[in-house]
Amino acid sequence: MKIVKDGIRGSNNMFGHTHDEHFSIDCFAYKSKMNHWNPTYKVFLALVTIIMCLVLNNLFVSLFVIMAMTYLIVVKSGLNMREYISVMSIPFTFLLLATLAVGFDFSRHPAGEINMDLGYFYLITSKRSLLEMFRLFIRSYAAVSALQMMTLTTSSSEIISVLKKMHVPVIVIEMMNMIYRYIFILLELNNKMKKSAHARLGYCDFRTACYSFGSIAGNILVVSLKKAETYYNAMEARCYDGEYSFLQENKKTEGVHIAGASVFVAFLLIIWFATK
Amino acid sequence: MKSRQIKIIILLSILALSAGITPAVSAMHIMEGYLPPRYVVAWGILCIPFLAAGYFSLKKTLQRQRKTLTILAMAGAYMFLLSSLKIPSVTGSCSHMTGSGLGALLFGPSTVGILGIIVLLFQAILLAHGGITTLGANTFSMAIAGPFAAYAVYRICRKLKVNKKVCYFLAALVGDLFTYCVTSMQLAIAFPSETGGVSASFLKFLAVFAPTQIPLAVIEGLLTVITMIALETYAKNELSYLGFDVGVKINVKE
Amino acid sequence: MIEPILRIRDMEYSYGNGEMALKQVSLDIYKGEKIAVIGSNGAGKSTFFLTTNGVLSPQRGEIIYNGQEINKKNIKELRKNIGIVFQDADNQIIASTVLAEVGFGPMNLKLHKDEVMDRVDEALSYMNLSSFKARPPHYLSGGEKKRVTIADIIAMKPEIIIFDEPLASLDPYNADMLEEILEKLESEQKTLLISTHDIDFAYRWAERLIVFANGRIIADGAPIEIFQNREILRQANLKQPALLEIYESLVENRILEQDDIYPKNVRDLKKLLSNRGTEEKHEKQTD
């Protein structure tokens, strides 16, 4: 009984987090109070911020970026603080574990500044490594915050339209638009199939679970290939002739935003200069 | 799957747990902001020739048969789905398929490169896996190195007349393992060990990822076999749509 | 004599596997007609629609739209003037916002952007969707998705609108809404073709019925005549509409008298029954 229960819980947690939350990452962008801001502006603000974090590689700059991005998302975009923490907790744990691997080394000899005997080998590190690890963590976290600022306020279709303005080839843009749409169709399909497999005890033990997973994966691929043709017909029925053009709402860049971004970048440079 | 194999997987999974540090870089994504600027640029540039090749082959395919556009887009969405699906695992740690081996078998490695970079971008946007500045490095390891290795293994095995199921298994397995090695290398170059340099660091990252990545590669190999069998049973017709790729032509003929 | 808006002659279509999906299909469609297309699954309805719209090109036969013969060059005329609302909304919606989705067709018509905007606004308000503009389709309900797909086609302003099984998977509330929309379109003199398995709806709504079986049109005419023809019903695996059956058994049992005007909906039947009541009263009074 317990196994079955576990299996069901597993299905809800398919994204490490609950299923709803996965969808809500995309959904926040539509609810955001920053949604009416010009998408190109938001994408560039995020990119410039990330690049500044990397190039300046300064602890204080990164800390300031984290604060500024939190402010933007919580105050300007109107995302609930609790929701924000829950969204950021995924990259936070990823980063924490990944930086741990950078900070420590393994060695047969206690060659480091700080050594921990683990029997066959030593876990070694140094103050410098630990500090480096901390800086790396903060820098990455700042960059992730900037990225999240973009994704939590800008819908994927708008991000794609920005890429189009940046002259990414049309085929790739078309492909991206379609993939984005199909992702949600397949997710829904997968959800349904998974539920029906659960209903027939398809996850009762590991072996069955593997088999169910493989069959569902294969089946979804079959169905999606079949759907692809129907899709193409539906597009042609509406006069599609090889050029995928989408209507987009025009969102103007406001002077205040540009000024704000300039002040922000200048401030980052000042912090960097002062703490160099 | 035999009970002995299950035992091996369980054993490896216990190892993974006991290792303690199971880096949650689950599908081997390097996070945003993790790589210093010069590696960002270097890996980005390294991807360009492969992506260009993929782009041109894609363009040629579309000129020949425009309908493949929706099929490829579906395939891209499918890769995203696969990589976001939690595969059954004993430990409960989250493990994901990369799907690159399967993709390479079905669509050929260069097309997977283009699809891969799009999928990775969506993963960064929608799931916060990976990032924009690390897109180059991630694309190289997951959408270029892995698929090319998988494809090469598949071709070689077919030439050697190895059983088809074994071919699929090995292709996906090697694809995954190669991705894992390349990612470890990328991290090692960016963060060389203080005492032992790049090589020591490389070994360290290999060791750290091994407990999750090796069983994962085995599972992915098995799942790829199951998926391919399902496809061959139910979707002979649909597979022939993908006939622009050699890998499938072989499958369809048989 | 009125010219038909669409004339199809001996159209044949077979899929790649050699299976003939349409065999010698011929028919004329006139402006403003309300046509229901019925037939079992796989009878060729959807293939017929796709060839009519020009997505599939028939191997044989001719299509004449507004007096103009359709060939490879002007096939776009068909797609422009004949819109299809697909059965499964998820198979039709391709864009990632409602605005972009409804704008997709008009953009493909290469209209000026302002014109596209106007048409989209018009279609959205027509379908009561104006507040959904910025929403992505994956956060819409089934009924809302259906409305978006109809707005898609309305924005293209076609002469003929084809609905492929629009009632399938709609709840009663949305089905009622759909019928209201159909009435609205009808009042604008649009030509409407609807495929359906709901014979009660077909009987109630249509002025003309086309029955498909095994890729052929086996009957084409007034619904009442076709639904009374047992042979056709048997061939196409169809039943009589409930209302017609009730009416006929009422007549058989001499509760009602045979009338030329058959009741098309429950309201008509009630009227007939209450008229009969008053007649009886009259009779009693005259006695």
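In what order do the six strands of the open sheet in chain C run? Hold that thought for a moment.

Hi everyone. What you see here is a predicted model, in which local features need pLDDT of at least 70 and side-chain atom pairs count only at pLDDT 80 or more, while totals for chains, interfaces and linings use all residues. Residues are numbered from 1 along each chain as its sequence is written, and chains are lettered from A and ligands numbered from 1 in the order in which they are written.

Okay, back to the sheet. The order in chain C is 6-7-8-3-9-10, and the pairing is mixed. By pairing I mean that DSSP finds at least two bridges between two strands. Strands here are DSSP runs of E with at least two residues, helices are runs of H or I with at least four residues, and both are numbered from the N terminus. At the edges of the sheet you'll find strand 6 (82-85) and strand 10 (216-221) of chain C, each with a single partner strand, so each has one side with no neighbour in the sheet. From one strand to the next, the twist averages 20°.

Let's zoom in on one pair. Strand 7 of chain C, residues 160-164, and strand 8 of chain C, residues 191-195, pair in the parallel sense over five bridges. If you want one to look for, C:Ile162 has C:Leu193 in strand 8 as its bridge partner.

Now find helix 1 of chain C, residues 45-53. This helix lies across strands 3, 6, 7, 8 and 9 of chain C, and runs at about 155° to strand 7. For that angle, axes are lines fitted to C-alpha atoms, for helices over the stretch in contact, and angles run from 0 to 180 degrees between N-to-C directions.

Stepping back, how is chain C divided up? The domain assignment gives domain 1 (6-239) and domain 2 (241-287); bounds like these come from an automatic or database domain assignment. UniProt, in an unreviewed entry, has the annotation "domain: ABC transporter" over residues 6-239 of chain C. UniProt positions are in the numbering used here, feature names are shortened, and annotations may be inferred rather than shown by experiment. That span is 40% helix and 25% strand, and its end C-alpha atoms lie 30 Å apart.

The centres of the two domains of chain C, taken over C-alpha atoms, are separated by 36 Å. Six residues from domain 1 of chain C and seven from domain 2 of chain C make the contact, where contact means that the C-beta atoms of two residues, placed from the backbone, lie within 7 Å. On the domain 1 side, helix 8 (199-205) and helix 9 (223-228) of chain C each give two or more residues, and helix 8 of chain C has the largest share, with four.

Staying on chain A, the unreviewed UniProt entry lists several stretches as "transmembrane region", including 208-225 and 255-274. Residues 208-225 of chain A are 100% helix, with end C-alpha atoms 26 Å apart. Residues 255-274 of chain A are also 100% helix, with their ends 28 Å apart.

Last, a word on confidence in chain B. Its average pLDDT (the predictor's confidence in each residue, from 0 to 100) is 77, and 76% of its residues score at least 70. Confidence in chain B is highest in helix 6 (residues 135-159), at 91, and lowest in helix 10 (residues 246-253), at a mean of 36. Over residues 244-254 of chain B, pLDDT stays under 50, and the model has 22 contacts there beyond four places in sequence.
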